[in-house]
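Have a look at the fold, then read on.

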Amino acid sequence: MTTPAEIEPGLVTQGITPPLRLKDFKLIAFDMDSTLINIECVDEIADAAGRKAEVAAITEAAMRGEIADYKESLRKRVALLKGVTVAHMEEVYTRRLQLNPGAAELVAACKAAGLKVLLVSGGFTFFTDRIRERLGIDFARSNVLEVEAGPSCGVLTGRMVDQPWGDICDGNEKRRTLLEVATLIGVEPRQIIAMGDGANDLPMMGVAGLSVAYHAKPAVREKANVAINSGGLDRLLTVLR
């Protein structure tokens, strides 16, 4: 890549010559936690079990790329959620979760330009399903938290449920999903934008025609074509006209 250039305060590009044309792209993929939304949902769920600090420390290390096995790190975090109620997750959604600044505006601009939108997350369907509906997103993939049946219904078991495509949506699954959706809608990798903040977003960002880091970890900023280090997601529209 070329030397990074700060085209505006907090907006850095490398390997591209802006402005690019938004309509030249056909698919945009977003990470959810700390990208489209302001929180790491697993950390906030853990707060109900009094384990937020422990879970957040693992999340931070995973997002920095300091944990080689993302799947195992997520299993450890989810195990610490055992006993948390679905009612608490509802509270996380209604009281703590917010769209990051510019999220709705960027998604709307992409849809208006004819792009399909994919939400692909190492988080949970409890939240991705709602964000998908809220923003009118076309495709979504994430993990399913197992909930107790019977007398303890509405309580997390500390496990995840396998899905038809596999067990856990990690970095490799994000990449595979992105390419699968691209094939489904007849899009070349060069026509894809991939946007994320953590190390598990790097595999999908690496195959996209344009990679975007949003308030990201250093390893992600270093490799992205666009790094939005301050301000909202819609600052991407300064680069894509």
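In soluble globular proteins, nonpolar side chains tend to be buried together.

Before going further, some ground rules. This is a predicted model, where local features need pLDDT of at least 70, side-chain atom pairs count only at pLDDT 80 or more, and totals for chains, interfaces and linings use all residues. Residues are numbered from 1 along each chain as its sequence is written, and side-chain values use heavy atoms, leaving out hydrogens and water.

Let's stay with F127. Leaving aside neighbours within four places in sequence, F127 is in contact (heavy atoms within 4.5 Å) with M32, C41, I45, M89, V92, Y93 and L97. How many aromatic pairs does a search of the whole structure find? One, and F127 is in it, with F126 as partner. The two rings are edge-to-face, 5.0 Å centre to centre with 75° between the planes. For the terms: rings of Phe, Tyr and Trp (its six-membered ring) pair if their centres lie within 6.5 Å, and planes under 30 degrees apart count as stacked, over 60 as edge-to-face and the rest as tilted.

| Charged residue | Ring | Distance from ring centre |
|---|---|---|
| R130 | Y93 | 5.0 Å |
| R130 | F126 | 4.2 Å |

Next stop, helix α3, residues 70-79. Helices (H or I, at least four residues) and strands (E, at least two) are DSSP runs, numbered from the N terminus. Which residues of α3 are buried? They are Y70, S73, L74, R77 and V78. Seen down the axis of α3, the buried residues fall within an arc of 130°, so they line one face of the helix; the arc is that of the directions from the helix axis to the C-beta atoms. Buried means under 20% relative accessible area, exposed over 50%, partly exposed in between (1.4 Å probe, protein chains only). Their cover includes α1 (41-47), α2 (52-63), β4 (116-124), β5 (139-147) and β6 (156-161).

Now for D201, in the loop between β7 (192-196) and α8 (202-207). D201 is buried, with a relative accessible area of 0%. The side chains of D201 and K174 are joined by a polar contact of 2.6 Å. Such a contact is a pair of N or O atoms within 3.5 Å; within protein, one must be able to donate a hydrogen and the other to accept it, and residues adjacent in sequence count only if both atoms are side-chain atoms. A polar atom of the D201 side chain also lies 2.9 Å from the backbone nitrogen of D197.

Finally, the loops. P18 and P19 are joined by a cis peptide bond, with omega about 0°, and P19 is in the loop between β2 (11-13) and β3 (27-30). H215 has a positive phi, near 40°, in a residue other than glycine.

Definitions and conventions
Lys NZ or Arg CZ within 6 Å of the ring centre and 35° of its normal.
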